[in-house]
Amino acid sequence: MPAQSPHTPHAEARPVLELDGLERHFASPGGLVRAADGVSLTVGKGEVVGLVGESGSGKSTVGRCAVRLDEPTGGTVRINGTDVTRLSRRALRPLRKDFHLVFQDPSSSLDPRMTVGQIIAEPLRLHAIAKGDAARARVAALLAKVGLRPEHADRHPHELSGGQRQRISIARALSVDPDLLVADEPTSALDVSVQASVLNLLADLQRDRGFGCLFITHDLAAVEFLADRIAVMYLGQIVEQAPTAELFADPKHPYT
Ligand SMILES: Nc1ncnc2c1ncn2[C@@H]1O[C@H](COP(=O)(O)OP(=O)(O)OP(=O)(O)O)[C@@H](O)[C@H]1O
Ligand SMILES: [Mg+2]
């Protein structure tokens, strides 16, 4: 872990993500699973909020609901002040450029038939931001930003290492300059030796671009390094929320 901490000094008050009483209940043979059970959480512009908690506590469910990859059964999700909780897919489409999710396993989230260049350019094309030479130039700049070479644009995901694949999914997520990035265990599928470099990359890009980030992780060292504030989940609820230094110095909840 690098010695320099990236804690954003310029976190603004304007919220990019507001979860208010978020619920996601699943009907299962064993009864109702309350994966998210009244979660209220705000991520400000330029702020990194760490979401931690034991396995099954509901972190990924919250992350998926936050970017509308899952349908909340209750509560509200606001992005940049807009209530997106019950927007149709169609109504949501133009807003999609404002928020992105980076998954744990880059192999399953990158289309194996596409080249790296096509993968990174796809959001630019979908949102009609750039095409042709302009898109290629942006892809090259993004590749450089995430520490890859221009030639990587012509490769396919399977020709890259796990760390390189995760760099590609980060480049793709940031290609349209979103205000919010939800990163769900972005380094836990990677080799320990490359975890720190991907984490550093994320920290650098976050400082540089100033997006808000909901950073979901098991890794307490990672969350201490990246997050301005930490929320602790337990059984579908947030049981503690505090600035990073405060939480590490004086944890209140027994799980923490
Ligand atoms: N599609 C689903 N159908 C039924 N139950 C689900 C579904 N998705 C998640 N759950 C349940 O919701 C709870 C929370 O799951 P979730 O994946 O959000 O936890 P998590 O905190 O991300 O765990 P991990 O740290 O292991 O990734 C778990 O009990 C899980 O079994
Ligand atoms: Mg999870």
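Student: How far is a backbone N or O atom of Gly56 from an oxygen atom of ligand 1?
Tutor: The distance is 2.8 Å. Bear in mind that this is a predicted model.

Student: And the polar backbone atom of Gly58, how far is that from an oxygen atom of ligand 1?
Tutor: That one is 3.0 Å away.

Student: What about the side chain of Thr61?
Tutor: An N or O atom in the Thr61 side chain sits 2.5 Å from an oxygen atom of ligand 1.

Student: How many residues surround ligand 1?
Tutor: There are 13 of them. The closest are Ser55, Gly56, Lys59, Ser60 and Thr61.

Student: New topic: helices. At what angle do H4 and H5 cross?
Tutor: Roughly 115°. H4 covers residues 116–126, and H5 covers residues 132–145. Their axes come within 9 Å.

Student: So how are H4 and H5 oriented to each other?
Tutor: Roughly perpendicular, because angles of 65 to 115 degrees count that way.

Student: Is their crossing left-handed or right-handed?
Tutor: H4 and H5 cross in a right-handed way.

Student: Which residues meet there?
Tutor: From H4, they are Val116, Gly117, Ile120, Ala121 and Leu124. From H5, they are Ala135, Arg138, Val139, Leu142 and Leu143. The contact of H4 with H5 has 8 nonpolar residues, 1 polar and 1 charged.

Student: Now H4 and H6. At what angle do they pack?
Tutor: About 25°, with the axes 7 Å apart. H6 runs over residues 162–174.

Student: Why do H4 and H6 count as roughly parallel?
Tutor: Because their angle of about 25° falls in the range under 35 degrees that counts as roughly parallel. H4 passes H6 in a right-handed crossing.

Student: Which residues make that contact?
Tutor: H4 brings Val116, Ile119, Ile120, Glu122 and Pro123. H6 brings Ile168, Ala171 and Arg172. The contact of H4 with H6 divides into 6 nonpolar residues, no polar and 2 charged.

Student: Let's zoom in on Glu122. Which helix does Glu122 lie in?
Tutor: Glu122 lies in H4.

Student: What is Glu122 in contact with, leaving aside neighbours within four places in sequence?
Tutor: Met114 and Arg172. The side chains of Glu122 and Arg172 are joined by a polar contact of 2.8 Å.

Definitions and conventions. Residues numbered from 1 in each chain as written. Chains lettered and ligands numbered in written order. Predicted model: local features only at pLDDT ≥ 70, side-chain atom pairs only at ≥ 80, totals over all residues. Heavy atoms only, no water. Axes fitted to C-alpha atoms, helices over the stretch in contact; angles between N-to-C directions. Helix = DSSP H or I, 4+ residues; strand = E, 2+ residues; numbered from the N terminus. Parallel < 35°, antiparallel > 145°, perpendicular 65-115°, else oblique. Left-handed = near helix turned anticlockwise from the far one by under 90°. Contact = heavy atoms within 4.5 Å. Nonpolar A, V, L, I, M, F, W, Y, C, P; charged D, E, K, R; others polar. Near = heavy atom within 4 Å. Polar contact = N/O pair within 3.5 Å; in protein donor to acceptor, adjacent residues only side chain to side chain.
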